[in-house]
Amino acid sequence: PWERCRLGSVMAAELNRPYTAVLLPMEAAGYAGSLQEFPLTDIGGPRWFRQHEYIEKLNMQAIISATTEGDEFVKEHIYSLGKAPTLIHELIAVEVWKQKVFPILCQLQDFNPKSTFPIYMVIYHEATIINLLETIFYHKDVCESAEEAVLDLADYCHRKLTLLAAQSESCENQERDPPTGTSLTELKKQSQDLEFDISVKAVSILRYITDHIDSLPISVQTRLLNTHNVPCLLVQLVDHCPWRRYNSKGELQKYADGKWYTVPLEDHLKITKVDGQVWIALYNLLLRPDCQKSYDFNNFNKTQLLKLQGFLTEVLIDQLPNLVELQRFLSHLAMVDPPPPKKNLILEQVPEIRDRIFCENSNKWKAIAKHLVKTAFNPSEQELLQQAHRLAETYNLNVMENLIPERPKCGFCGVEAAKRCSRCQIEWYCARECQVKHWSKHKKACDLMAGAVKA
């Protein structure tokens, strides 16, 4: 009954644009088949970096195929080769790395890298994987192929949604100042901004898991409903709506497609795609018969769920008509006390990936950080040049411009730009004055990318 939609893709192509391919089917099969799990000690190394390039290309091709309604061969290869669990492992491995290793790197007194580019690529890797999973997990067969790893993915989504809920309560989503200070300080702020985008994408993946929950291990349902009480967490997100804020001018802004945009007055009541994902997830978790039998509608949970009645307005239901069924359910819930949850004596599966990573690396976090400083995060000029050259091939400019549906923005002031840096061909500017003012920050990256293009 729900209209198909793919959410959160910054690179979503307009359907009337000509088809552009990043990979051929045989290339995608080779890239997908080579995917493997890496220990934390190898993250950021040459082999890991090569896999990042593969996943980035698979991600771009998956988005192109989905948005042009073409042959989704990336999805098929990941499904047939059983690589969904590998992608989930790598997603969680980077999450653990960011939580345990990255803060130590920032505190090492003798660590002053020439470039923070390799570290940023590790941080960005999580966003690349979750974007790919968001695109392919719409499909039931891919979701099922994750097998027991889907438990780890469900827990991952819960952690990200909890971060969103906590942010909505603490800072009310005010505009942030641009990062200033040392390169590592800027990197931490960039990581925080990226974390928000990743968490928003986790909402979409959670919705897809609830779409297919009947065909997944029963423990997925148990963890979402009872262990984590996801319905109440979703109510909190509806109530606080962390993807909306007011800017310094008092204008309403909403977050979509990887950026904040100012909402015209006539669109204030129009829901965003992420709003829709939250409501669909609630619909799935509360109205499916098996979920209703398993969920504990105690006084606290009932009170929280009934808050949704105030949000189920005619305007919302006009945009998501199936929510009228949820409205009826809540009206019935307000008048009766549902029976206690059905408890079956079963052997419950538990997530293993994150716990295994913690067990393997417990009390080794500082040693891992120092090891990576020597092996991955202090590259020579030649190694940086090689990395930049490979990324220049990955992010083919002609392909990227076909993927981005809006005009480029000035690297200094943020307005629409028509002129590109003639050396690196990557940064855009609206005028010569902005390019001159931005040169002190852009110089290192410009020299690196210009050298890579020449190479």
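**Figure 1. Three strands form an open, antiparallel sheet in the order β1-β2-β3.** The model is predicted: local features need pLDDT of at least 70, side-chain atom pairs count only at pLDDT 80 or more, and totals for chains, interfaces and linings use all residues. Residues are numbered from 1 along each chain as its sequence is written, and side-chain values use heavy atoms, with hydrogens and water left out. Strands here are DSSP E runs of at least two residues, helices are H or I runs of at least four residues, and both are numbered from the N terminus. Two strands pair if DSSP finds at least two bridges between them. In this open sheet of β1, β2 and β3, the edge strands are β1 (244-246) and β3, each pairing on one side only. Neighbouring strands are turned by 35 degrees against each other on average, direction ignored. Axes are lines fitted to C-alpha atoms, for helices over the stretch in contact; angles run from 0 to 180 degrees between N-to-C directions.

**Figure 2. Strand β2 pairs with β1 and with β3.** Three bridges link β1 and β2 in the antiparallel sense. Arg 245 stands opposite Gln 253 of β2. Four bridges join β2 (residues 252-256) to β3 (residues 259-262), and these two strands run antiparallel. Lys 254 has Tyr 261 in β3 as its bridge partner. A hairpin is formed by β2 and β3, with two residues between them. Asp 257 sits in the turn and has a positive phi of about 55 degrees.

**Figure 3. Helix α11 packs against helix α12.** α11 covers residues 230-240 and α12 covers residues 273-287. Their angle is about 150 degrees, and the axes are 10 Å apart. That makes α11 roughly antiparallel to α12. On this scale, angles under 35 degrees are roughly parallel, over 145 roughly antiparallel, 65 to 115 roughly perpendicular, and the rest oblique. α11 passes α12 in a left-handed crossing. A crossing is left-handed if the near helix is turned anticlockwise from the far one by less than a right angle, and right-handed if clockwise. From α11, Val 230, Pro 231, Leu 234, Val 235 and Val 238 take part in the contact. They meet Val 278, Trp 279, Ala 281, Leu 282, Leu 285 and Leu 286 in α12. Contact means heavy atoms within 4.5 Å. By class, the contact of α11 with α12 holds eleven nonpolar, no polar and no charged residues. Nonpolar covers Ala, Val, Leu, Ile, Met, Phe, Trp, Tyr, Cys and Pro; charged covers Asp, Glu, Lys and Arg; the others, Gly among them, are polar.

**Figure 4. Helix α11 is mostly covered.** Eight of its eleven residues are buried. Buried means under 20% relative accessible area, exposed over 50%, and partly exposed in between (1.4 Å probe, protein chains only). The buried residues of α11 are Val 230, Pro 231, Cys 232, Leu 233, Leu 234, Val 235, Leu 237 and Val 238. Cys 241 follows α11, with a positive phi near 50 degrees. Across the chain, buried residues make up 51% of the 455 residues.

**Figure 5. Helices α6 and α19 cross at roughly 40 degrees.** α6 spans residues 117-136, α19 spans residues 381-394, and their axes come within 11 Å. The two helices are therefore oblique to each other. Phe 117, Pro 118 and Met 121 of α6 make the contact with Leu 384, Gln 387 and Leu 391 of α19. These residues divide into five nonpolar, one polar and no charged.

**Figure 6. Glu 69 and Asn 363 have positive phi.** Glu 69 lies in the loop between α2 (46-67) and α3 (73-80). Its relative accessibility is 67%, so Glu 69 counts as exposed. Asn 363 is in the loop between α17 (353-361) and α18 (365-375). Asn 363 is exposed, with a relative accessible area of 76%.

**Figure 7. Arg 288 lies in the loop between α12 and α13 (289-294).** Leaving aside neighbours within four places in sequence, Arg 288 is in contact with Thr 210, Asp 211, Ile 213, Asp 214 and Tyr 283. Arg 288 and Ile 213 are 75 residues apart in sequence. Their C-alpha atoms are 9.5 Å apart in space. For the chain, 77% of contacts between residues at least 6 apart in sequence join residues at least 24 apart.
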